[in-house]
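Here is a walk through one protein chain and the two ligands modelled with it. Please keep the sequence and the 3D view open as you read.

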Amino acid sequence: MSEVEKKPCAIAPFECQHDVDDWPGSPQLTSGHLAVSNRSWRTQWPQIDLSPCNKCNLCLLYCPDAAIVKNADGFPQIDGDWCKGCGICAVECPKQCVRMIDEEQRIAR
Ligand code: SF4
Ligand code: SF4
């Protein structure tokens, strides 16, 4: 099998640890920090109930900010810095695992 040419990650317009073969994943600077966190202005948070989750990965694929990664068990895990609270993952999840809640409500817990 011929070696596939690796292209830079197209997700983030800055230096990124990921290439296209690593996607999906959270765009990060090589320092390990995100260039701009969405945490400060997000008003909604995707609360996930993993009990009905079938690990289909649709939430990872549809997240426009690649803010969802898989944990060691293959379940989705949301990056609190990168998620902007758009709610697309809640709409696309076929198992209704994701419920959008107020960010203030999450912080108060
Ligand atoms: S709310 Fe939007 S940005 Fe946050 S994890 Fe879901 S799809 Fe991604
Ligand atoms: S879309 Fe829903 S069922 Fe699929 S991995 Fe994400 S949370 Fe689990």
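The paragraphs below go from the whole chain to the ligand shells and then to single residues.

This is a predicted model. Confidence therefore comes before anything else, because pLDDT is the predictor's own confidence in each residue, on a scale from 0 to 100. The protein chain averages a pLDDT of 79. A score of at least 70 is reached by 67% of the residues. One stretch calls for care: over residues 11-26 the pLDDT is below 50. Even so, that stretch has 37 contacts in the model beyond its near neighbours in sequence. Among the secondary structure elements, helix α2 has the highest confidence, with a mean of 97. The lowest mean belongs to helix α3, residues 103-108, at 84.

Now the overall layout. The protein chain has 3 helices and 4 strands. Read from the N terminus, the order is β-α-β-β-α-β-α. The chain holds 109 residues, and 20% of them count as buried. Next, take the contacts in the chain with a separation of 6 or more. Of these, 56% join residues 24 or more positions apart.

Turn to the ligands. Which residues come nearest to ligand 1? They are Cys63, Cys83, Cys86, Ile88 and Cys89, out of 13 residues around this ligand. By class, the shell of ligand 1 has 9 nonpolar, 2 polar and 2 charged residues. Ligand 2 is also surrounded by 13 residues. Its closest ones are Cys53, Cys56, Cys59, Cys93 and Cys97. The shell of ligand 2 has 9 nonpolar, 2 polar and 2 charged residues.

Ser37 and Cys83 are 46 residues apart in sequence, yet their C-alpha atoms are 8.4 Å apart in space. Ser37 sits in the segment before β1, the strand of residues 44-48. Is Ser37 buried, exposed or partly exposed? It counts as partly exposed, because 15 C-beta neighbours fall inside 10 Å.

Trp82 is found in the loop between β3 and α2. This tryptophan counts as buried because it has 23 C-beta neighbours inside 10 Å. Its C-alpha atom is 9.7 Å from that of Arg42, a residue 40 positions away along the chain.

Ala66 is not a glycine, but it has a positive phi of about 50°. It belongs to the loop between α1 (58-62) and β2 (68-70). Gln96 also has a positive phi without being a glycine, with a value near 55°. It lies in the loop between α2 (88-92) and β4 (98-102). What about their surroundings? Ala66 has 20 C-beta neighbours inside 10 Å, so it counts as buried. Gln96 has 10 other C-beta atoms within 10 Å, so it is exposed. The cut-offs explain both calls: 20 or more means buried, and 12 or fewer means exposed.

Finally, look at the strands. Gln77 is part of β3, residues 76-78. Leaving out residues up to four places away in sequence, Gln77 touches Ile68, Val69, Lys70 and Asn71. Gln77 is partly exposed because 15 other C-beta atoms lie within 10 Å.

Arg99 lies in strand β4. It touches Gln47 and Ala90, again not counting residues up to four places away in sequence. Arg99 and Gly87 are 12 residues apart in sequence, and their C-alpha atoms are 8.3 Å apart. With 13 C-beta neighbours inside 10 Å, Arg99 therefore counts as partly exposed.

Note on methods
Residues are numbered from 1 along each chain as its sequence is written. Chains are lettered from A and ligands numbered from 1 in the order in which they are written. This is a predicted model: local features need pLDDT of at least 70, side-chain atom pairs count only at pLDDT 80 or more; totals for chains, interfaces and linings use all residues. A residue is near a molecule or strand if its C-beta atom, placed from the backbone, lies within 6 Å of it. Ala, Val, Leu, Ile, Met, Phe, Trp, Tyr, Cys and Pro count as nonpolar, Asp, Glu, Lys and Arg as charged, and the others, Gly among them, as polar. Helices (H or I, at least four residues) and strands (E, at least two) are DSSP runs, numbered from the N terminus. Two residues are in contact if their C-beta atoms, placed from the backbone, lie within 7 Å.
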